Amino acid sequence: MEMGPKFDDESSPRGDDGGDEDHGLREEDGGTPEPFAGGKVRRKASRYREHRGDYLHVSSRPGLMRILEKQGDTSILFADKVLKFTGSGKMKRRIFILTDFAIYLIDPETEAMTRRIGLAAVEKMCLSKLSDNFFAIIIPTEYDLFMASTRKTELVQVMVDVTKSASDYELEVLLSNRFEYNASASLVKEVSFEETEGGIKTRFKWK
């Protein structure tokens, strides 16, 4: 059974923003090679965007800081708004915060934590080879995360960097235009990406 995403509001992740494309990071860019360099089609805007980590000014928001401090976390490496797929295929707005210990998902309206995932539990990240905003975080001991972010490139890079600095292994980044993820404890979905004349088409299939 194939299905498309259902959105809770007017916001929807775009497959293509119409920008120029680039295959990986070249030497003249003057940057650090990325975990998907050479295999990922990237938009020009993504290549040259300034990275600054905390886009939500979490340290100035007492409600969010209380959540982190309660868990003993204070080092904010990345924070931004994302869209998260539910098991039923709907998209929900979430605040995504990455620290050097964990990933936090927080309801932006209530500022209540909906999920916390220790970085040690993350096995790998899955991305397509195209210039879309989607990515999956694979967590074998729990159900996985499938989300969309307009700053996906930076988010993935920070995830790889923090994992490498905190442990002896490098987080695997799988590049494929078709992969599976556990949408819930009992539901496996396959997502496929296809480049079309009108942009990028994303399909979901129940497994």
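**View 1. Gly89, a buried glycine in a loop.** Gly89 is buried, with a relative accessible area of 1%. In this predicted model, Gly89 sits in the loop that links β5 to β6. Take a look across the sequence as well: Ala183 is 94 residues away along the chain, yet the C-alpha atoms of Gly89 and Ala183 are 8.8 Å apart in space.

View 2. Is Arg115 buried or exposed? With a relative accessibility of 8%, Arg115 counts as buried, because the cut-off for that label is under 20%. The side chain of Arg115 makes a polar contact with the side chain of Glu142, at 2.9 Å. A polar atom of the Arg115 side chain also lies 2.5 Å from the backbone oxygen of Tyr143. If you set aside neighbours within four places in sequence, the residues in contact with Arg115 are Ile103, Tyr104, Leu105, Ile139, Glu142, Tyr143, Asp144 and Leu145.

**View 3. Helix α2 and what covers it.** Which residues of helix α2 (residues 62-70) are buried? They are Gly63, Leu64, Met65, Ile67 and Leu68. An α-helix has 3.6 residues a turn, so residues three or four places apart point the same way. That is a handy thought to keep while viewing this helix. The cover over the buried residues of α2 includes strands β5 (76-85), β6 (90-99), β7 (102-106) and β8. After α2 comes Gly72, with a positive phi near 80°.

**View 4. The largest nonpolar core.** In soluble globular proteins, nonpolar side chains tend to be buried together. The largest such core in this model has 25 residues, and those touching the most other members are Phe96, Leu98, Ile103, Met125, Ile137 and Met159. At least two residues of this core come from each of β5, β6, β7, β9 (124-127), β10 (134-138), β11 (145-148) and α3 (152-166). Which element gives the most to this core? Helix α3 does, with six residues.

View 5. Not counting residues up to four places away in sequence, Leu98 touches Ser75, Ile76, Leu77, Phe78, Ile103, Leu119, Val158, Met159 and Val162.

Note on methods. Residues are numbered from 1 along each chain as its sequence is written. This is a predicted model: local features need pLDDT of at least 70, side-chain atom pairs count only at pLDDT 80 or more; totals for chains, interfaces and linings use all residues. Side-chain values use heavy atoms; hydrogens and water are left out. Buried means under 20% relative accessible area, exposed over 50%, partly exposed in between (1.4 Å probe, protein chains only). A polar contact is a pair of N or O atoms within 3.5 Å; within protein, one must be able to donate a hydrogen and the other to accept it, and residues adjacent in sequence count only if both atoms are side-chain atoms. Contact means heavy atoms within 4.5 Å. Helices (H or I, at least four residues) and strands (E, at least two) are DSSP runs, numbered from the N terminus. A nonpolar core is a set of buried Ala, Val, Leu, Ile, Met, Phe, Trp, Tyr and Cys residues joined through side-chain atoms within 4.5 Å.
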